[in-house]
Each structure stands twice: as structure tokens, then as C-alpha cells.
2 protein chains.
Amino acid sequence: MTYNSAIICIGNELLSGRTLNSNLAWLGMRLAELGLPAQYSVTIPDEPEAIAEALDYCWQRFDVVITTGGLGPTQDDLTKDVIAGYFGKDLHFNEQVWSHITSLFSQRNVPMPQSNRSQAMVPGDFQVLKNERGTAPGLYYQDAGKHFFALQGVPLEMKYIFDSHIRQILKDSYQDAQGVIVRNIHTYGVAESALAELLDLQRLPHGVSMAWLPQTGRVDLRLSGVDAHALAVAEAYVQEQVGEFIWAYDEDDPARYLLRLLKAKKLNLAVAESCTGGLVQRFLTDVPGASAVFLGGVVSYANRIKEELLGVDTAILEKSGAVSEACAIAMAQGVQKLCAADVALAITGIAGPDGASAEKPVGTVYFSWRIKDRQFTLHKILTGDRDSIRHKAAEAAILELSKSIWEE
Amino acid sequence: MTYNSAIICIGNELLSGRTLNSNLAWLGMRLAELGLPAQYSVTIPDEPEAIAEALDYCWQRFDVVITTGGLGPTQDDLTKDVIAGYFGKDLHFNEQVWSHITSLFSQRNVPMPQSNRSQAMVPGDFQVLKNERGTAPGLYYQDAGKHFFALQGVPLEMKYIFDSHIRQILKDSYQDAQGVIVRNIHTYGVAESALAELLDLQRLPHGVSMAWLPQTGRVDLRLSGVDAHALAVAEAYVQEQVGEFIWAYDEDDPARYLLRLLKAKKLNLAVAESCTGGLVQRFLTDVPGASAVFLGGVVSYANRIKEELLGVDTAILEKSGAVSEACAIAMAQGVQKLCAADVALAITGIAGPDGASAEKPVGTVYFSWRIKDRQFTLHKILTGDRDSIRHKAAEAAILELSKSIWEE
């Protein structure tokens, strides 16, 4: 069976941008896994009419409706009053909730403000979902095969209540729901539009959907569906059409991929960075255990450091400039020698906004890498602002080096 | 006058949780600044009926309506058709957009897929908002004093179009709107709960609100209101109460602050990083113009690099270990000498999850910095996962060094 769900996010701070709404993505993923994909989400202020209208719209159309936010000690009355009113219930004082709240305050050894009393009020026929991470409980109501949940806005409490109560309730209630299986396919070196031409959505098995997820400088594809066999057929089709651009699957990232390749080939790595200023090394060391293959390297931001530390010839800097193929090659040679590394990677370029010339626009980047005594070079002109040029350059360096190691 | 706005976020990936919706918070903040606060936001799948229904709901109720998402070149993007249909317009081929798209592809030196042609189709009477960050333009329509904008889902492109076109259009169109003025105050070295005790919200002038924005390892305060005088009074109160913890205001970040101090004192800087693995240097080089004072440095991830490049004594590594005050001091001395720098900063620690011991738990970090021949050291035990320990260590290093330079 096909079911769907809706998420109502309540809070002025979400609309004014003071708080990033991470609850929607978190709940959306959990609901998709349960076979109850979110088909609608609305973000509204802490206002009774807005809450009532959203509730009515969603309860009429969706199997599962979840609200987040508006259950704190200050806004409490408002959201809960509206919910109780909409479902035609009265609020009752709940002794269990009250004793949980008072015990929390005595544990923390702080006096309890009376405003907390309202948190123990529960609409009639509603079930209380105990909140071990805070004072206000989650609330649960079911009617005519539909399920309603009111949750906290604080992510820690919201997640706790979902994980310890709601997942099981929904599993039991929708046993025939088909959870979504997702396969992420990472590509590099091909534009989104070119992928779109190579992949014909009509050729995918029924029930499998494909989405393009453009990253900075590369594209991920996501296949999803409820049928594992159909998904495998779709994946084989994608492999056949665009396999040459695929470098990894699912949770992988470029740095993790490179480190795994280096480890498998028993090679260690040193890096010399100019325009990326440490970003490549940061990506590598984001990965726990990077030290098994990553030795370290140099950020040679000033020309003096390129000369003195990496031994880049003054003549190269004077003739070709710091942003040149010759300089990238010399940087790679220099850092390989300096660190006595098997593999060396070097990047020099113009991230902007300053430093460009007529021949070398902002985004000009030269890469050079060495695997033992084999040497590789690459020249790219990257687009975007400083941040995205640096990000693209760092990821391109990692993925291009990976390709060479893979092909070794 | 009071105006309001609505934001329609289009994309299956937002509902399935594969993509976190950061656009809503970003747009929400900009609209509040302009005096056009977002009062409603809905997130819907890439489906014609859902898009049309959301558009109709919002256009009837709000002064400004913005859509994000659904303008890419791929086959599932049908947003523009729905928009044109809703406003009763036909799509026309726009030569200017087309020549922008073709020039982008020729710059990148890649063949252009025909699927890009659809991006040059523009609904009649709509204005094109040129997108220097990608192919598809933003779209703008006004009618009866109301304003509609269709934007990309990719944050980089969406922000570019808002900043370079929409802000001015809205400023001109709603000159009597009361924009919210926001003042961000950055503190370091004081806990959120301690700040809350020092700052009495009752003492703020009427109409000024204050929010705590905990960052990783430090806290920002945000004052907001529509009255500039009341805001200045509030700011003076905050200064008086917690001035000793304030290091900067508004758009500033730690790296920008350090670079400004170094420039003012005519000092250059070199950095040696172990556990932060390039993160400090990355933060510094995120700032355009960093090269004026930042020379570069070393990522000495392996002990061998600490010894050979930085000249850390083998005896130190054997006796005290790589994570020690002695090693941090030797790294700072080493990188200062190696780069002939006025100021040197060194960090060594355990970011986890591996590498801890009974005496040195995960989060143990030693810092050392030198300003000419004056030497400073600091030892901290930071909490959190690998990412947040690295982030806190990098920012702490930058802010502690800044403090020493400030006090010079």
C-alpha cells in the first residue's frame, strides 16, 4: 500500500531565519524509510489561526501528520489549545507528566517556574509520549486509521521521541507500507545536463525514481524505490550509460575514497597547496584514520614559501608565475622530496576576487601530482566565487589523483 | 506599512531529507531585514498540481512570493510551465538568456546538450534576472503591487540572484517597509549560561529582542528591532555587562579578525598544524586578501614530518609524545624559523575517535604561538565529536593568538 505524511513546522524563528530547520530533513528521511514519505510540509508562525488552518489542510489529506515546535513552556498553551480544539477534545491535567517534570527540576536542583504546569495538560484521548530529554511530552492521537503526533521543536527532544516511540507505532500501524530504498551514485567530470542526455528516465523500471543532486563541481545521482530488484536493474542501466563518470556510491566522499585507494595500494601522500590554502589537507584529515596514509604537507601561500620550502626555482616564478603548470610541477616535486612521500599532490591557482590577469582569469587552476616517479598535470578554469572555486579545486585535485591511482 | 512574504520550496529531495533546506532560513533573514517578513513557507514535491496549488494560495495572500528550486536543466523540472500557466502567460524563447548559456558552455569548453534550450524559455511579461553563477536565470513578475520571483534551488545561484537583483527591486518597491535591524555580537571565552546570568532581558528597551546563538565553542548574541536608537541603547547595555568577552561584531569571523590585527601591526604569520590538519590555514585563506599577511605553513600530520620539516626533537616525541606542550612549542619555533615569520602558531592534539590514552583523552589540545621572540602556550580539553573538536581547536587557536596580538 501507498501512504504519505505531512510535517507542520511551527515557529517564528524558522521563518525569520534565526533557526535553520533541520527537523524537516531528519523527519523526512525517517518517514521515507518507513514507507510513509512526506509529501507536504508547511512552516508557520506561532499563531492559532495559522496552526489550525495547517492542521485542517493536512489532516484531511495525509495518513500521518506530525507537528514540530510550539510545545515549550512559553508557547505551550497556544499550540496545544489549537490541537485540542481542532480534534474536539478538552485539556486534562496529567499526573504522570507532572511528576516527570517535577522530578526533572529537582534533579537539576533548580526551582520550578509555575509556567511548567501547563506542560502537564493533555488533550483527552491523546496518548503521552514520554520525553526523557526534556519536560514537555510528545502527544499522539489516532482516528479512522490516521495518526497525529505533536513533537518538540528542539531537535534533541524531537529525535528522542521519534526514535523511542513513533517509529514503532508507525511500523505496527502500517505493516504493508513499503519503505524506500535509496542508492546514491557519485559522478565526476560530467555536467548535469550531459548526464540528463545520457540517462533516459523512461528506461528506468516502473517505481524507481532518479534525482540529480548537483554538488559543488560534480553531480550525484539518487535512485530510489521500494523494490530492491527494480532498483538493481536501474543501477545496472546507469552503470552502463555513465559508468565511466562514477567514482563511488552512497555515503562516500572524495577524501574518503582517495584514502581508501592509497591504503589498498600501500602508498603514502604529501600535499602542497597554494590557492586552496589547506582545504585539501583539511578534507583528508576530516576522515578518522587519515594518518595511516596521509603524512602532511605544506601550504605555500607566499611565493617565498614556494621557493624556500618547496624549492620552486625563482626562474619559474619570474618567467611563468606562481600560477602555472611549471610551478605546479615544481611544487609536487618539492613536497614529494620534502616529505619523502610515495604520492604528492600540488595545486596552484587564482581563487579571486583579486590576482587575475588577461591570460589567467579568476578560476584558473593548475594541478600536478606524482605517483612515485610518474608525473601528471592538469589545467582547469573553474567558475563561481572564491569559496566554490576553492572547493571545486580541492575536490577535483582529490578525484583526479584518485583516478590516476585507480588506473595504476 | 506592514508587508509580508511567502516562500515556496520545490523539490522532492527537501521532503525526503536528502537535502537540508538552508534556503528558507537565508531568504527569511533577508526578507525580515527588508521589512517583508516571511509569514508562510511550504515545501512541496516537483509536481504540477502541488506547485500550482501553493502558488495560488500564496499569491492570493502575500505581497511577495518567492519560489526556490525546479529551474535546472533536467527532465523533471516543470516548475516554469506551471508558473507560466498560473499567471496565464506563454513561454517565449529568450535570445539573451540563450547567448548567456552558450557563452558559459564555450568558456568551459564543453559541448552544450540541447536540454539547456529549455532554460532560455521565459514566460511572457516576466523579467529575466541574470544568473552569473549558472545557466538558468531567475524570473520576476509583478502585478497589482505584488511581486513574484522564481529562483534556483542551488544556494549559490539563489543567493547571487537575490543579492544582485531582488534586494534592490524590493527596496524600491516597498520604501515604507520597516526593515528589522540586526546587530550580531561575537563573544568568546564565556558559557551561554554565564552570559544569560549577566544579561537581564528586562533591561532591554521595548521592541528590542535578544537571541543567544551558540556557535561551536563560542556564543554569538543577536540584538534585533526596527528602532535604531533603541538598538543602540541595548548594545551599550550588552557592552557594559559582557564587554570583556566581545571580540567582534556582525559579519566578522575569527580568521578575518586575526588577519586585520596582523595587518594593522604589520606582522606576517606562519602556521603548523597537526590535529587540525589544515583547518586553521583553510579558515585564514577563506578570506580574500589573506596573502597580505599569511605566508603559509605546514600540516605535520605524521611524526616524521614534525621531526624532519619542523625540527621537533626526537627526544620530545619519545618522552612527551606528539600531543604535548613541549611538542607544540617546538612546532611553533620550527615553523617560525622555516618560514622566517614574525608570528607563528602551532596546534597539536587528539581529535578522536582514536589516539586517546588515560592521561590524554580525546579532545586534548596543546597550542603554542610566538610573536617575534615572545612565546605563549595553552592547554585545553575540548568536547564533542571529531568535527567539532577540530573546529573548536582551530577557532580557539585563532582567537587566542588574536588576543595576544591585541594586547601587544
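This is a predicted model: local features need pLDDT of at least 70, side-chain atom pairs count only at pLDDT 80 or more; totals for chains, interfaces and linings use all residues.
Select Asn23(A), Trp26(A), Leu27(A) and Arg30(A) on helix 2. Colour the contact by class: five residues are nonpolar, one is polar and three are charged.

Next, show both helices whole: residues 23–33 for helix 2 of chain A and residues 155–173 for helix 6 of chain A. Their axes come within 11 Å and cross at roughly 15°. Angles under 35 degrees count as roughly parallel, so helix 2 of chain A is roughly parallel to helix 6 of chain A. The crossing of the two helices is right-handed.

Zoom out to the domains of chain A. Colour 5–173 as domain 1, 181–249 as domain 2 and 254–407 as domain 3. The C-alpha centres of domain 1 and domain 3 of chain A lie 50 Å apart.

Bring in chain B. Here 64 residues of chain B are in contact with 63 residues of chain A. On the chain B side, select helix 1 (12–15), helix 2 (23–33) and strand 2 (38–44), which are among the elements that each supply at least two residues.

Finish at strand 2 (residues 38–44) of chain A. Three bridges join this strand to strand 2 of chain B, and the two run antiparallel. Select Thr43(A): its bridge partner in strand 2 of chain B is Ser41(B).

Notes:
Residues are numbered from 1 along each chain as its sequence is written. Chains are lettered from A and ligands numbered from 1 in the order in which they are written. Domain bounds come from an automatic or database domain assignment. Two residues are in contact if their C-beta atoms, placed from the backbone, lie within 7 Å. Helices (H or I, at least four residues) and strands (E, at least two) are DSSP runs, numbered from the N terminus. Two strands pair if DSSP finds at least two bridges between them. Axes are lines fitted to C-alpha atoms, for helices over the stretch in contact, and angles run from 0 to 180 degrees between N-to-C directions. Angles under 35 degrees count as roughly parallel, over 145 as roughly antiparallel, 65 to 115 as roughly perpendicular and the rest as oblique. A crossing is left-handed if the near helix is turned anticlockwise from the far one by less than a right angle, and right-handed if clockwise. Ala, Val, Leu, Ile, Met, Phe, Trp, Tyr, Cys and Pro count as nonpolar, Asp, Glu, Lys and Arg as charged, and the others, Gly among them, as polar.
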